[in-house]
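Here is a short briefing on one protein model. Please have the sequence and the 3D view open while reading.

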Amino acid sequence: MSYLGIGVSPGNVPVHHGSNLKVIDKRVRIIELILRCLILGLAIIGAVLIGTDSQVKVIFSIKKEAKFTDMKVLVFLVIANGVAAAYSLIQVLRCIFSMIRGSVLFNKPLAWVIFSGDQLMAYLSLAAVAAAAQSGVISKFGQPELQWMKVCNLYGKFCNQIGEGIASSLIVSLSMIALSGISAFSLFRLYGNNGGKSNAR
């Protein structure tokens, strides 16, 4: 079928922009690309900081090494950062390709995939950061009621680097939440355009 002489294939929506909407759309794409690049970089930094962290202490003539694999939540956080980095790399390439093409034809199934992927990554990264932060607080301050000692008193360097990794991961999760909002806007805007065209008919 056609609308004003423009061919429409199933699942695709031609987006008609005014000059102002074109500017807004371009800015949204640039913000999306910046956020995805930020997530890519910080996710890698967070994974490296945590994954390479270790510290050896001698306690009563016995060497004890603290490493991230000692805490399962840190392993989960490293995996989550790795998945976020891989996903962001794919999305960065998609954004660059889309900007180079300058395409204004949006595909609804693809928009749903991007929206769902962003939502999943936001939940995954937020859950990993929350779990790691909780364990970090216990390691820093202990839990007297359960007789859990303050580990960071013994492994200060290890805890500081873990804290830096968690901070990077927190920015990743917050950026993913922002991206979820952008992808939701991009998706549901297509249905708004469809509704507008139906009314115009």
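The points below cover confidence, aromatic pairs and a nonpolar surface patch.

This is a predicted model, in which local features need pLDDT of at least 70, side-chain atom pairs count only at pLDDT 80 or more, and totals for chains, interfaces and linings use all residues. Residues are numbered from 1 along each chain as its sequence is written, and side-chain values use heavy atoms, with hydrogens and water left out.

**Confidence**

- The average pLDDT (the predictor's confidence in each residue, from 0 to 100) is 79 for the protein, and 76% of the residues score at least 70.
- Helices (H or I, at least four residues) and strands (E, at least two) are DSSP runs, numbered from the N terminus.
- The pLDDT is below 50 over residues 1-17, a stretch with 38 contacts in the model beyond near neighbours in sequence; a contact means heavy atoms within 4.5 Å.
- Residues 194-201 also have pLDDT below 50, with eight contacts beyond near neighbours in sequence.

**Aromatic pairs**

- The whole structure holds three aromatic pairs. Rings of Phe, Tyr and Trp (its six-membered ring) pair if their centres lie within 6.5 Å; planes under 30 degrees apart count as stacked, over 60 as edge-to-face and the rest as tilted.
- Trp112 and Phe115 form an edge-to-face pair, because their ring planes stand at 80 degrees, with the centres 5.8 Å apart.
- Both Trp112 and Phe115 lie in helix H3, three residues apart, about one turn of the helix.
- Phe115 is buried at 15% relative accessible area, whereas Trp112 is partly exposed at 36%. Buried means under 20% relative accessible area, exposed over 50%, and partly exposed in between (1.4 Å probe, protein chains only).
- Trp112 and Phe188 are also edge-to-face, with ring centres 6.0 Å apart and planes at 85 degrees.
- Trp112 is in helix H3 and Phe188 in helix H4, so this pair ties together parts 76 residues apart in sequence.
- Phe188 is partly exposed, at 45% relative accessible area.
- Trp112, Phe115 and Phe188 are linked into a cluster by ring pairs.

**Nonpolar surface patch**

- Leu126, Leu170, Leu174 and Ile177 make a nonpolar surface patch of about 340 Å². Patch residues have over 30% relative accessible area and no salt bridge; like charges are joined within 9 Å, nonpolar side chains (Val, Leu, Ile, Met, Phe, Trp, Tyr) within 5 Å.
- A salt bridge is a side-chain nitrogen of Lys or Arg within 4 Å of a carboxyl oxygen of Asp or Glu.
- Accessible areas come from the Shrake-Rupley method with a 1.4 Å probe; for residues, only the protein chains shown count as cover.
- Helix H4 (residues 156-200) gives the largest share of the patch, three residues.
- Leu126 lies in helix H3 (residues 108-141) and is partly exposed, at 38% relative accessible area.
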